[in-house]
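Visitor: Could you show me how to read the sheet and the helix packing in a model like this one?

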Amino acid sequence: MIEAEAAIQTVRLSLRLTADTDRDELIALERDAEVMRFITGGLPQPPEISEDQAGYLMPRGGEADVWATFEMATGTFVGWFSLRRCGAKTATLGYRLRRSVWRQGYGSEGASALINYGFRTLGLDLIVATTMAVNLGSCRVMENAGLAYVGTVHLDWPNPLPGSEQGEVEYEINREAWKRA
């Protein structure tokens, strides 16, 4: 379990666990069709969602594994990152950023910070991440943060999104690769 007081800082970003006060910013991300393009096909999500939908992919504030992220210089909310355990020594990395900060390196910077936290503080052995193969921006974030491409899987979705026919790509970094980097 991560302590509620935990905070991570990089050169340009400050990450802290989400709080109820982040709710409006978190929902605003989900209301942006372009931000949600590879999650919901661009369909905005309603502010009120069921309890089982909230959490890792649709945070509302107060989640134990979702980090609200802010610019250090301005205090502006830029998005969120998540490091969700999926085993004793394994976690899944996720993130969602405002369009206004895309292509500025914030994705890789925040992802790298959580990867370091996962290996140094949480004692993880493996961190994995996935995205649609057509989501080239997210693939680049993962590569720049040190994750290596593992493979592509083709899943059978009941309501496939445009581009899903190209599959989901899997990336990972293990403790040994992280130490070498």
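What follows takes the sheet and then a pair of helices.

Guide: This is a predicted model, in which local features need pLDDT of at least 70, side-chain atom pairs count only at pLDDT 80 or more, and totals for chains, interfaces and linings use all residues. Residues are numbered from 1 along each chain as its sequence is written, and side-chain values use heavy atoms, with hydrogens and water left out.

Visitor: In what order do the eight strands lie in the open sheet?

Guide: Strands of a sheet pair through backbone hydrogen bonds, either parallel or antiparallel. Here the order is 1-2-3-4-5-6-8-7 with mixed pairing, where two strands pair if DSSP finds at least two bridges between them, and strands (E, at least two residues) and helices (H or I, at least four) are DSSP runs numbered from the N terminus. Strand 1 (7-9) and strand 7 are the edges, each pairing on one side only.

Visitor: Which strands pair with strand 8?

Guide: Strand 6 (residues 126-132) pairs with strand 8 (residues 168-174) in the antiparallel sense over seven bridges, with Thr 131 opposite Val 169. Strand 7 (residues 148-153) is also antiparallel to strand 8, over five bridges, and Gly 151 has Glu 170 as its bridge partner.

Visitor: At what angle do helix 3 and helix 4 pack?

Guide: Two packed helices are described by the angle between their axes and the distance between the axes. Helix 3 (residues 106-120) and helix 4 (residues 136-144) pack at about 45 degrees with axes 8 Å apart, the axes being lines fitted to C-alpha atoms over the stretch in contact, and angles running from 0 to 180 degrees between N-to-C directions. Contact (heavy atoms within 4.5 Å) involves residues including Ala 111 of helix 3 and Val 141 of helix 4.
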